[in-house]
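Subject: Structure handover

Hello,

Here is the structure I promised to pass on. Please open it next to this email and follow along.

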Amino acid sequence: MLFVDGPNLNVLGEREPSVYGRETLADIREAVTAAARTEGATVTFFQSNHEGEIVERLQAAKRRFDGVVINPAAYTHTSVAVRDALLYSGLPAIEVHLTNPARREEFRKVSLVEDVVVGRICGVGGYGYTLALLALTRYLRREGARGRV
């Protein structure tokens, strides 16, 4: 499974801790890796602050991964390119957000990917990534994925 994180998640733990908490992306990845080990899944992580790099990574994921967990961050609300690349990948995906966008500013209530993902997990902080791993693993096993999970 490929985990893709968008802009500013590289500074998680330092950026607006009253909103996003003190947990770092490294902390989240460590928890996901441990959960993946328990599930017998393999995970790869990618983070970029650049839309084009995210698009290229999603395009390259086609036929290389069984699924995607994506936190497009600010690109959730603005990027048709990320949405199109996600569709191009043809992979089942879970959208994850640290906070609940529905409880935040109006512009954060729009997601350009919510209708092309299997599901969304929002508002439970970094634990949402582990939940996304478990949800995607279950989905892939139920749907008879290619067998790497």
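Where is the place of E16? E16 belongs to the loop between β1 and α1. One thing to know before going on: this is a predicted model.

E16 has a positive phi of about 35 degrees, yet it is not a glycine. Most residues other than glycine have a negative phi. N8 is found in the loop between β1 and α1, where α1 covers 17–20. How accessible are these two? N8 has 34% relative accessibility, so it counts as partly exposed. E16 has a relative accessible area of 40% and is partly exposed as well.

E16 also meets a glycine. Leaving aside neighbours within four places in sequence, G21 is in contact with G13 and E16. G21 sits in the loop between α1 and α2, the latter being 25–39. Its relative accessibility is 23%, and that makes G21 partly exposed. G21 and G126 are 105 residues apart in sequence, but their C-alpha atoms are 9.0 Å apart in space.

Next, find D5 in strand β1. Is D5 buried or exposed? Its relative accessible area is 1%, so D5 is buried. The cut-off for buried is under 20%. Setting aside residues up to four places away in sequence, D5 touches L25, R29, F46, Q47, S48, I54, N71 and Y129. H97 is worth a look from here. D5 and H97 are 92 residues apart in sequence, with 9.8 Å between their C-alpha atoms.

F3 is on strand β1 too, which spans residues 2–5. How many aromatic pairs does the count give? The count comes to one aromatic pair. F3 and F45 form it. Their ring centres are 5.4 Å apart, the planes make 50 degrees, and the pair is tilted. F45 lies in strand β2, residues 44–47, so the pair ties together parts that are 42 residues apart in sequence. F3 has a relative accessible area of 0% and is buried. F45, at 24% relative accessibility, counts as partly exposed.

**A charge over a ring**

Go to K62 and Y88. The charged end of K62 sits over the ring of Y88. It lies 4.2 Å from the ring centre.

T137 is found in helix α5. Why does T137 count as buried? Because its relative accessibility is 1%, and buried means under 20%. Its contacts, leaving aside neighbours within four places in sequence, are M1, E39 and A41.

Y139 is in helix α5 too, which runs over residues 127–143. Y139 has 22% relative accessibility, so it counts as partly exposed. It touches P92 and V118, not counting residues up to four places away in sequence. E23 is another matter. Y139 and E23 are 116 residues apart in sequence and 27 Å apart in space, C-alpha to C-alpha.

**An exposed arginine**

R103 is in the loop between β4 (93–97) and β5 (119–122). With a relative accessible area of 74%, R103 is exposed.

**The largest pocket**

Last stop. How much space lies in the largest pocket? About 210 Å³. It is lined by 15 residues, and the closest to its centre are Y20, A73, A74, R104 and R108. By type, the lining divides into seven nonpolar, five polar and three charged residues.

If you want a place to begin, display the F3 and F45 pair. Then turn to the pocket lining, with Y20 and R104 among the residues closest to the centre.

Best wishes

Key
Residues numbered from 1 in each chain as written. Predicted model: local features only at pLDDT ≥ 70, side-chain atom pairs only at ≥ 80, totals over all residues. Heavy atoms only, no water. 1 Å grid on protein atoms, 1.4 Å probe; cavity = no way out; pocket = protein on both sides within 12 Å on 5 of 7 lines; lining within 4 Å. Points joined across faces, edges and corners; volume = space filled by probe spheres on them. Nonpolar A, V, L, I, M, F, W, Y, C, P; charged D, E, K, R; others polar. Helix = DSSP H or I, 4+ residues; strand = E, 2+ residues; numbered from the N terminus. Buried < 20%, exposed > 50% of the residue type's maximum accessible area, 1.4 Å probe, protein only. Contact = heavy atoms within 4.5 Å. Phe/Tyr/Trp six-rings, centres within 6.5 Å; stacked < 30°, edge-to-face > 60°. Lys NZ or Arg CZ within 6 Å of the ring centre and 35° of its normal.
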